[in-house]
Amino acid sequence: MSILIFAESSEGKFKKAVFEAVSYGKEVADKLGVEVNVLCASTQVPTDADLAALGKFGANKVWKMTLSEDRPAAMAEALADAAGKCGARVVVISNNYNGKSIAPALAVQLKASIASGVISVPDTNNGFQVKRGVYSGKAFAQVNLTSVVKILAITPNTFAIKESGNDAAVEAFSASISDASYRLKAQSVNKVQGKIPLTEAEVVVSGGRGMKGPENWGLIEDLATTLGAATACSKPVADMDWRPHEEHVGQTGITIKPNLYIAVGISGAIQHLAGVSSSKVIVAINKDPEAPFFKVADYGIVGDAFDVLPRLIAAAKELKAAQ
Amino acid sequence: MKILVCMSVVPDTTTKITFTDNNTKFNTAGVQYIINPYDELSLTRALELTEAQGGTVTVIHVGLADSEASIRKALAIGAHDAIRINAEPVDATLVAQEIANWAGSQGFDLILTGRESIDYNGGLVGGLIAAHLDLPFINIVTQLDVAGTEVTAIRDIDGGKETVKANLPLVASAQKDLTEPRIPNMRGIMAARTKPLQVVEASGVQALGQSLSFELPPAKGAVKLIDAEKAGDLIQMLHQEAKII
Ligand SMILES: Cc1cc2nc3c(=O)[nH]c(=O)nc-3n(C[C@H](O)[C@H](O)[C@H](O)COP(=O)(O)OP(=O)(O)OC[C@H]3O[C@@H](n4cnc5c(N)ncnc54)[C@H](O)[C@@H]3O)c2cc1C
Ligand SMILES: Nc1ncnc2c1ncn2[C@@H]1O[C@H](COP(=O)(O)O)[C@@H](O)[C@H]1O
């Protein structure tokens, strides 16, 4: 028996979420008294040294497999095969777009249940219970999974990266991938260049209608660049095409959980807060002292964004220069 | 073209979420229900496609009788007919398997779901249906065009976008930007009254997950206000006190 972790790689590198997933998997494995197996299946597998290094976070064995295309369906097939080979009782995946495309295909192959948006280590004293986000960040549910195999899609930026062990054994893995997994034909991929993806960002600077117009976003971007942050926006800002829709956070946009969320000229409507309220620290900047955002913020500045932002940018540049 | 639109019914986005029965049940008192926003998008896109190319749009919902008002609204927006599978939508496994069991033999060219349901936030039902029916699955689409049997879609991927092609039949899930949702007009509302809404008994699939209890996020302490004139101090506080930058 074992825990199987999917280690997603992009352009031959692991993201932080993989180290979180392995650290998490190690904790679950220790609870169940089983081994930690990792599968990395992609078109560009990281170097053996990088794969072996997952041992530091608790992996016992790391399987690598090169795919002909980066299709979630193919990754699911490889994972199903690996789960069979190592007798996986729990499969851990990151709760990102790719993970959420893999999980259902895998679940059907393994007759497994899935909990997505998981924010706790399973409680195995009474069944198999995990906590997950529901109502788009407005609440959490404790769910009990009853199938033999369970798939846990864990929320990024929730679990600590823990270094414990030594390098893991790296082995080539082969599984036959059916043609059916390659029925989608990629025509082109357009990765946002030189910007931190919102869903992976530890710091997010977000603007609302109070920014008055797209021409003023230079201030938001300046602060974001200085802090190494991603940019986000409220729904009306995306609806008016001031910003691209993928920056829209909230109940009908993306739910994010950065360490720091800075909201500038955003009122704090319930739908907006749903998507950001799990952020560890929230800063609200608004000229209206009654803005609802101040009720959920840790730090607040009552003032005009066009006065406040340049001061923040200057102070942030000073801090970064000193670091 | 025969299109199936999967629809969940969710609390209105302004709902303040609370629980009853010792935090084991969602408190439905005073809650308004709406069509899941992503499902409004897939319904509208389905209508646009069939208006341009001919065909029918069927909506399907797994749920109890109290969701019929929302199903009627989907008919008022323009769906041709509706199916309600009479089962409590306990988890994604159950919902997807029930839909797949019913839809499997109906010959749909295109099955649309939302990217996620804003109550359960599983984001799983579409992928599960595709896997059960062994159909290709295009997740999180912001653009979906059909020419003959060929589908071209743009989907959100982590950190960017991907353009893909595939052949019908397939399953796709709607993301914001797919289209602008339509609202029902008077004629649609009148027509909806006589459109078929068929209730199908569930095939009795077992759920694999059960919500045992709920909790709300911990309440926040009071906000620490910083004088706008000294806004720069915030940066030092975030660095030294909160230790996050
Ligand atoms: C079905 C539905 C779903 C929704 N989903 C979402 C969602 O997912 N995400 C989302 O964000 N919204 C969502 N909304 C919209 C939400 O209800 C609010 O309308 C929206 O969040 C408001 O955006 P805003 O705060 O940018 O704009 P406003 O409410 O207009 O607020 C602008 C704020 O800027 C402040 N301001 C103005 N000028 C300045 C200045 N110079 N300096 C500083 N502050 C200034 C004002 O005091 C005000 O508080 C949804 C609504 C519905 C009906
Ligand atoms: N009870 C349901 N009946 C029909 N379709 C549903 C139901 N629940 C979810 N769906 C569909 O699956 C999508 C994703 O839901 P979920 O996986 O629950 O987040 C929704 O946008 C709907 O299209």
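Predicted model: local features only at pLDDT ≥ 70, side-chain atom pairs only at ≥ 80, totals over all residues.
**Figure 1. The contact between chain A and chain B.** Chain A contributes 87 residues to the contact, and chain B contributes 78 residues. About 6,800 Å² is buried between the two chains, with carbon and sulfur atoms accounting for 58% of this area. Three tyrosines, Tyr97(A), Tyr135(A) and Tyr299(A), supply 12% of the area that chain A buries against chain B, which is more than any other three residues.

**Figure 2. Ligand 1 between chains A and B.** The ligand is surrounded by 27 residues, the closest being Lys212(A), Ser234(A), Ser267(A), Gln271(A) and His272(A). By class, this shell holds 15 polar, six charged and six nonpolar residues. Three helices of chain A each supply at least two residues of the shell: H6 (235-239), H7 (270-276) and H8 (305-322).

**Figure 3. Polar contacts to oxygen atoms of ligand 1.** Ser234(A) places a polar side-chain atom 2.6 Å from an oxygen atom of the ligand. From Gln271(A), an N or O atom of the side chain is 2.7 Å from a ligand oxygen atom. At Ser267(A), by contrast, the polar atom belongs to the backbone, and it lies 2.7 Å from an oxygen atom of ligand 1. On its own, ligand 1 has 990 Å² of accessible area, of which the protein covers 79%.

**Figure 4. Ligand 2 and the residues around it.** A shell of 20 residues surrounds ligand 2, and Cys6(B), Asp39(B), Ser117(B), Gly123(B) and Leu124(B) are the closest. A polar side-chain atom of Asn36(B) is 3.0 Å from an oxygen atom of the ligand. Backbone atoms also take part: an N or O atom of Gly114(B) lies 2.9 Å from an oxygen atom of ligand 2, and a backbone N or O atom of Val125(B) is likewise 2.9 Å from a ligand oxygen atom. The protein buries 96% of the 480 Å² that ligand 2 exposes when taken alone.

Key:
Residues numbered from 1 in each chain as written. Chains lettered and ligands numbered in written order. Heavy atoms only, no water. Near = heavy atom within 4 Å. Polar contact = N/O pair within 3.5 Å; in protein donor to acceptor, adjacent residues only side chain to side chain. Areas by Shrake-Rupley, 256 points an atom, 1.4 Å probe, with all protein chains shown as cover. Helix = DSSP H or I, 4+ residues; strand = E, 2+ residues; numbered from the N terminus. Nonpolar A, V, L, I, M, F, W, Y, C, P; charged D, E, K, R; others polar. Contact = heavy atoms within 4.5 Å. Buried area = accessible area lost by both parts, 1.4 Å probe.
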